[in-house]
Amino acid sequence: MKKWLPVALACLLSACSSSSDNKTYYQLPLPQAGVQSTASQGRHLLWVEQVSIPDYLAGNGVVYQTSDVQYVIANNNLWASPLDQQLRTTLVANLSNQLPGWVVASQPLGSDQDTLNVNVSGFHGRYDGKVIVSGEWLLNHQGQLIKRPFHIEVKQQQDGYDEMVKTLAQAWSQEASAIAQSMNRLP
């Protein structure tokens, strides 16, 4: 009987360790597409040239701030694709929905295009139950440069990474709305 004890213990330990290796992958949800065809409606062109993120956000792990100065990068809660690509894709989709009369793309559109670059400095959950989305954007509109900082804090309604990612997406969509409002006031 004692002969089987190490084998049983090894099996039990391997079962525990394999269950802790379960990885969950997250993708920011895309907004519902608008009903208008942007190809036929576009009088203005906007190229979302780049959404850049700092190194601590550029890895695979979802980031969580545990104190004023400490951040944890998750090992088992990962982005399904690079975060900067997800942010750019969802920004293009949100702006496309919110800017009627504009063609918004992640590819160059021609010489008459406006260009938007976004530098995201914060995109993470925080110990107080809020998510943080911060940074600045720079718009080149017909040779005029417009630069705006942003800092959004949104309270999560529930605990967990699923809720954190949904709330981050909501905050990012909020910033896309603010960019769209700024662009709608352009001459």
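What is on screen is a predicted model, in which local features need pLDDT of at least 70 and side-chain atom pairs count only at pLDDT 80 or more, while totals for chains, interfaces and linings use all residues. Residues are numbered from 1 along each chain as its sequence is written, and side-chain values use heavy atoms, with hydrogens and water left out.

**The rings**

Keep Phe123 and Trp172 selected and show their side chains. The structure holds four aromatic pairs, where rings of Phe, Tyr and Trp (its six-membered ring) pair if their centres lie within 6.5 Å, and planes under 30 degrees apart count as stacked, over 60 as edge-to-face and the rest as tilted. The ring centres of Phe123 and Trp172 are 6.4 Å apart and their planes stand at 90°, so this pair is edge-to-face. It links distant parts of the chain, since Phe123 belongs to strand β6 and Trp172 to helix α5 (residues 161-184), 49 residues apart.

**The whole fold**

Zoom out and colour by secondary structure, for which helices (H or I, at least four residues) and strands (E, at least two) are DSSP runs, numbered from the N terminus. The protein has five helices and eight strands, and from the N terminus on they run α-β-α-β-α-β-β-α-β-β-β-β-α. Of the 187 residues, 38% count as buried. With contact meaning heavy atoms within 4.5 Å, 67% of the contacts between residues at least 6 apart in sequence join residues at least 24 apart.

**Strand β3**

Select Gln65, which lies in strand β3 (residues 61-65). Gln65 counts as buried because its relative accessibility is 7%. Leaving aside residues up to four places away in sequence, Gln65 touches Gln70, Tyr71, His124, Gly125, Arg126 and Tyr127.

Beyond residues up to four places away in sequence, the contacts of Gly135 are with Asn119, Val120, Ser121, Arg148, Pro149 and Phe150.

Then go to Gln142, in the loop between β7 and β8 (144-155). Gln142 is exposed, with a relative accessible area of 64%, and has a positive phi of about 50° although it is not a glycine.

Finally, colour by pLDDT, the predictor's confidence in each residue, from 0 to 100. The protein averages a pLDDT of 88, and 84% of the residues score at least 70. Confidence is lowest in helix α1 (residues 4-19), at a mean of 43, and highest in strand β6 (residues 114-126), at 98. Over residues 4-18 the pLDDT is below 50, and this stretch has zero contacts in the model beyond near neighbours in sequence. Residues 35-40 also have a pLDDT below 50, and their stretch has five contacts in the model beyond near neighbours in sequence.

Definitions and conventions:
Buried means under 20% relative accessible area, exposed over 50%, partly exposed in between (1.4 Å probe, protein chains only).
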